[in-house]
Amino acid sequence: MKKDIHPEYHEIKVVMTDGTEYTTRSTWGKAGDVMRLEIDPKTHPAWTGVHRLNDSGGQMAKFNKKFKAFGVKK
């Protein structure tokens, strides 16, 4: 293996959307950093089977404002 070309592999803490935490090894961030997930297998419709809209950044509000003249219901 070549030296000095691979990213540092260290432990980080991952916090799920429901507050549960676990420690894993990753190249993300620095040693001891905390990664807080916005979407994880406990909330994503692909795994839960429940579809709901997440309005992050106001995208739904922007859509509704743009197309309200067409009679689109919320």
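**A short tour of a predicted chain**

Hi everyone, let's start in helix H2 (residues 59-67), where Phe63 and Phe67 both sit, 4 residues apart, about one turn of the helix. Helices here are DSSP runs of H or I with at least four residues, strands are E runs of at least two, and both are numbered from the N terminus.

Before going on, a word on the model: it is predicted, so local features need pLDDT of at least 70 and side-chain atom pairs count only at pLDDT 80 or more, while totals for chains, interfaces and linings use all residues. Residues are numbered from 1 along each chain as its sequence is written, and side-chain values use heavy atoms, with hydrogens and water left out.

Back to those two rings. How is a pair of aromatic rings described? By the distance of the centres and the angle of the planes. Rings of Phe, Tyr and Trp (its six-membered ring) pair if their centres lie within 6.5 Å; planes under 30 degrees apart are stacked, over 60 edge-to-face, and the rest tilted. By that rule there is 1 aromatic pair. The ring centres of Phe63 and Phe67 are 4.8 Å apart and the planes stand at 45 degrees, so this pair is tilted. Phe63 is partly exposed at 38%, and Phe67 is partly exposed at 27%.

Now let's zoom out. The protein chain has 2 helices and 3 strands, and along the sequence they follow the pattern β-β-β-α-α. Of its 74 residues, 11% count as buried.

Next, the sheet. The 3 strands form an open sheet in the order S2-S1-S3, with mixed pairing; two strands pair if DSSP finds at least two bridges between them. S2 and strand S3 (34-36) are at the edges with a single partner strand each, so one side of each has no neighbour in the sheet. S1 and S2 pair in the antiparallel sense over 6 bridges. One example is His10, whose bridge partner in S2 is Ser26.

S1 and S2 also form a hairpin with 5 residues between them, and Gly19 in the turn has a positive phi of about 95 degrees. Where is Asp18? Asp18 lies in the loop between strand S1 (10-15) and strand S2 (21-26). The side chains of Asp18 and Thr20 are joined by a polar contact of 2.9 Å. A polar contact is a pair of N or O atoms within 3.5 Å; within protein, one must be able to donate a hydrogen and the other to accept it, and residues adjacent in sequence count only if both atoms are side-chain atoms. Asp18 is partly exposed, at 48% relative accessible area.

My last stop is Asp4, in the segment before S1. Most residues other than glycine have a negative phi. Phi of Asp4, though, is near 65 degrees, a positive value. Asp4 counts as exposed, at 82% relative accessibility.

Technical notes. Buried means under 20% relative accessible area, exposed over 50%, partly exposed in between (1.4 Å probe, protein chains only).
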